[in-house]
Amino acid sequence: MIGDWLDIGSVDQITPGTARTLPVVGFDEIAVFRTQKNEFYALVNKCPHKQGPLSQGIVHDNVVTCPLHNWNISLKTGEALGEDKGCVPTIPMKVDAGRMYLLRSAVVGKRAA
Amino acid sequence: MSPPRPPNFGMRSGGFFVLRVLPRITELNAPSTLMDKDNTAPVKERLVVIGNGMAGCRAVEEILALDSARFDVTIFGAEPRVNYNRIMLSPVLAGEKAFEDIVINSDDWYTDNAITLVSGDPVVSIDRATQTVVAKSGRVEPYDRLLIATGSDPFIIPVPGKDLAGVVTFRDLDDVDKMLTAAEKGGSAVVIGGGLLGLEAAHGLSLRGMKVTVVHLMPTLMERQLDEAAGYLLKTELERRGQTIVTGGDTAEIVGRDGQVSAVRLKDGRTFDADIVVMAVGIRPGTTLAKSAGIEVERGIVVDDHMVTSDPAIMAVGECVQHRGACYGLVAPLWDMCRALADAACQQPSGYEGSVTSTKLKVSGIDLFSAGDFSGGDGAEDIVMRDAARGVYKRVVVKDNRLVGAVLYGDTADGNWYFDLLKKGEDISDIREALIFGQAFASGGALLDPNAAVAALSDDAEICGCNGVSKGKVIETINAGACSLDAVRSTCKASASCGSCTGLVESLLALTLGGEVQSGPKTMCKCTSFSHDDVRRLIGEKSLRSIPQAMQELHWTTPDGCSSCRPALNYYLLCAWPGEYEDDQKSRFVNERLHANIQKDGTYSVVPRMWGGLTNPRELRAIADVVEKFNAPMVKVTGGQRLDIFGIKKEDLPAVWADLNAAGMVSGHAYGKSLRTVKTCVGSEWCRFGTQDSTGLGVKLERMTWGSWMPHKFKIAVSGCPRNCAEATIKDFGVVCVDSGYELHVGGNGGIKVRATDLLCKVATEAEVMDVCAAFIQLYREQAHYLERTAPWIERVGLDHVKAGLFDDADSVKRLAARFRYSQTFCQDDPWAERVAGKDADLHQHLAEVRPLSITEYAQ
C-alpha cells in the first residue's frame, strides 16, 4: 500500500527561522516553516486575513508575522493570535532521519480557491 | 506485507520524482505472549546477552536482583574488556578519570554471579529456528531467551577521506586511546559535530594541549538540547577557552597526505589543519544483527513495553531499540528500560512507558542543563530569566500549569528540581510566579508576591549588581523625586546597565510611591524593558555584536524576539558595526529580504534605479523587454521619477534582475528602509529659470547615498530654483538651488502627516552640499529610532539638537560624513547582482512542487 506520508526533502533545505514554499498543482500552496528552535510546521500559505503569503513573514518563536498587515499566526495551530480572529489550515508534518514528511491526505486536502 | 502499489501521486523536485513510502508505525504495546511461558520450568533457562555494555549488564543486574536462580547467563562482548561506564569516557579523555575509575562490573562480578563472559568475540549471527547464536570464532551458543543489547554505532558522514588513518569516532575506549596517542604529539584536531559528544571530545583534546576546531553543520551548537540563546553562550565560552567553533560548517572533504589525515575542507572552501579528525555527528541504533535475523526493525529494533521484539524469545534493550517510535541516545532511559525488561523476564510485568530525558554537558566549568520539551508550541508559555553579569540564562516552559521543559545555562543548581517537577507533572500554578527563581525561592511561600519579597529586603540589600546600588539608595533616589524607572536609571544608575534588576526597581517604585509611578519612555517592544535609546547606547557600551548576544546581555524576555525587535536590532547592529556585522536575513522584513516590494496578491514590484530620474533608450528597452518577457500586468511611473514593474513572482525575480543588470541598471531600493530616490528638476542645463545644475547634483547625491540602510526610508530632492519643481521641501533632505548657492532643508514629509522641511543651513558649493548631506544622514542613522522618519525624529529631538550635532563643533560634519562614507564602502554592491549570481537562491526557489497525478481522485 502507498505511504501516508509524503517526503518533501531534506531538513537542510530550510534555514532555521525561515520558510519555503511548496506549490501543489490544483491545490493551495503550502508554506513549510523551520523555527530557530528547529521545529517544523506546514501551513497553507495564505493568511486568514487577506491571503498574504505567510512563508515570507518574519518567524519568531513558533509564530509568523504576515508580511501584508502584521497579523501574528501560530505555526502550531494556524490560529491568528491576539485580537485578530481567523485560522489557516495546517498540514500534519513530521521529521524523521533528516527528511521532512507531510501527511499525504492533507497536502491535497483543499482545492485552491 | 503486500507489495507497494504503483504510486498515483508523486512529487517533482528539479526534474525527478521523489516518492518515499514510509514504514507504518507498529502498535508497540500489544500484549506479549511471553508471560505464561515455562511457568513450571524445572531447569534454569539459558539467557544469552549480546553486548557487554551498560544496557546489557544493567539488564542482567536487574534480573539477578529479582530472581538470581532463574537464568544461566552468557554475555558476549565485542570489546576485549569488562563492562565500563561509557558516558564517563569524556572525563577519561580529559584526564579527569582513569579507566579503572569507570569500570562498572569487574571480573569478580562475572565470577560471583556465575556469568560466562565471552569478550573480544562478537556474535555474528542469530539462528532463530534453532535458537542459537554464532560468534566470530565459530562458537555456537544455544539460548532459551536472547537479549540484544548491541547499543549504537557512530554515524560516519560519507565524505571523501573518511577512511584515512587518523579519522576516529568517539564511542569506546579504543577511540579514546587513539585520541590520546594523537594528543601526545600535539598539533591540531578537528571535531566534526557540535553535539554533546563532539563538544566533550573537543574539550578533552583541548585540555590535552591540542589546537581544536569544532565544525558543526547547524547554526546552533547542541541544537537538539539547546535553544539559540543558550547555544550562543556556550559558543562564546568555548571560544574564550581557545577552541575555534565553526557553526553552519558543512564538511566537503577530509584531506589526507600519505594515507594520513592532514586537514578538513568545508564546502565554503575554508580549510582547517588536522592531525586527527573526530567524527561525532551522531549515532544510529546497532540493528545489523537483528535485521539479518529477520526481527522487526525500523529505525531501531522494535520492542513492546516489556522490551520484547517481534520474536517472543528475543528481547532488546538500550540504544539499539525503538520503543513507541522513540530511540534514545542517553543513559537515563536505559535504567527504566532495564527495570521493565527484568520485571517481564521474571514474570512480574510492569511495562516501560518511555522516558523524559535530560542532558548535562560534561565539560568542566560549563554548567549546562536541558530537559523535556523546550520547543514551546501551542499553549506553552516561556518564562525566561537572564543575568548577563553572571552569565546565566534560564528558560522554563510551562503548559497547562505544568512544567514541560527547561534549559539552564550558567546556573544549573535547580536542574534536578525542575526535572523532578517535569517528570511528576505536578501542577505548578501555586509557585508559577517564582518558578524561574528556583526551588529556594519558589518554596518560600510568603515571598510569592514580588512586591512583598522586595519589601522584606533590608535597606543595605544590593538591588543593582552592575552599579552597586542598594535598596536604601534606590528608595532615597525615589523620595528625592525620581518617579519613573527612567528617572531612577539616570539618577542612581540602578537598572541602567544590564537591566536584570528592572523588576526589583519597579517594585520599589510601586512600594514607595503607590499609584504615583510615572511610566517612562516606551520600551522597544514587549520583549524588553529597554527603550530604543537604551538599546542603541548599550550596543556601543557593551560592544554587542549579534542579535542573540544583544538579547542575552540585555535580558530579552522572549527566546528570539518578535517581528518588531528583530529588524530593529538588526539595523542597530548594522549601523554600529559597519563592515563587521553580518546582516541577518531572517530578521528582515520581506521586501528587504527579497529586494522587491510585496503586493497584495503576493507578487512583487521591481523598481530599477534611474539616477536622478535620468534614463536612456537602452534602459527603457530593457524595461520594456522585461515587461513583455515576464508578462508583467502593469508598468507605472512612480512619484520618485522612475518606473515600477508589477506582478513579478518571487521565483522570477533573479531572472528579471539579470535582464535589468545587463542593461546597466541596479536595485532602486524602492523596498528598503534606505535611500529611495533623488528627485530632480532639469536645472540650469535646460531650464530658463535654473540657477544651478540640479540634475547633475541629484545624480551625485544619489551615487553617494544609494544602498545605505537607515532607520526608515529616506528621500532626497534637488530643485534648481526656488520654484521648487522637485518638491524638495517635503523630502527628508531637500536642496533648493539659488543664485548664491544652495539652501539645505531637512525633515520634510509628504505622507500621512504633511510636514514642510526646516531650513538647516545655506552653503556655497556642491562639495559642501555633499558633506552636509552625508553628515545629516549619518546623524539620523545613529540617533533616530528604528522606523522613525526624519520628520518625527526632528520633532522629537528638536531642530536645535540636530543643528548642534552638526555644527557646534567645527569638525562634526567632517567626522559624521567620514563615518557615513566608510559605512557606504560596504553597502554599494548591487544586491540584485548578488542574487543573480546565486546568493540566497533558496529565498526565491520553491522547496519542490507537488503534482498529484490524479487530481480528480482527491477533488471530492
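Begin with chain B, whose secondary structure amounts to 27 helices and 41 strands; helices (H or I, at least four residues) and strands (E, at least two) are DSSP runs, numbered from the N terminus. This is a predicted model, in which local features need pLDDT of at least 70 and side-chain atom pairs count only at pLDDT 80 or more, while totals for chains, interfaces and linings use all residues. Residues are numbered from 1 along each chain as its sequence is written, chains are lettered from A and ligands numbered from 1 in the order in which they are written, and side-chain values use heavy atoms, with hydrogens and water left out.

**Chain B as a whole**

Display the C-alpha trace of chain B, which spans about 120 × 75 × 65 Å along its principal axes. Of the 860 residues in this chain, 54% are buried, where buried means under 20% relative accessible area, exposed over 50%, and partly exposed in between (1.4 Å probe, protein chains only).

Next, colour chain B by domain, with bounds that come from an automatic or database domain assignment: domain 1 (45-153 + 285-345), domain 2 (156-281), domain 3 (367-448), domain 4 (452-583), domain 5 (590-672) and domain 6 (675-824). The centres of domain 4 and domain 5 of chain B, taken over C-alpha atoms, are separated by 44 Å.

**Two histidines with positive phi**

Select His555(B), in the loop between α16 (547-553) and α17 (565-576) of chain B. This residue is not a glycine, yet its phi is positive, about 60°. His555(B) counts as buried because its relative accessibility is 9%.

Move to His669(B), in the loop between α20 (653-662) and β36 (675-680) of chain B. Its phi is also positive, near 50°, in a residue other than glycine. With 2% relative accessibility, His669(B) likewise counts as buried.

**Asp758(B)**

Select Asp758(B) in strand β40 (residues 758-763) of chain B. Its side chain forms a polar contact of 2.8 Å with that of Arg755(B); a polar contact is a pair of N or O atoms within 3.5 Å, and within protein one must be able to donate a hydrogen and the other to accept it, residues adjacent in sequence counting only if both atoms are side-chain atoms. Not counting residues up to four places away in sequence, Asp758(B) touches Leu744(B), His745(B), Val746(B), Ile794(B) and Leu799(B), contact meaning heavy atoms within 4.5 Å.

**Leu68(A)**

Finally, select Leu68(A), in the loop between β6 (63-65) and β7 (72-74) of chain A. Leu68(A) is buried, at 19% relative accessible area. Leaving aside neighbours within four places in sequence, its contacts are Lys50(A), Gly52(A), Pro53(A), Ile598(B), Gln599(B) and Lys600(B).
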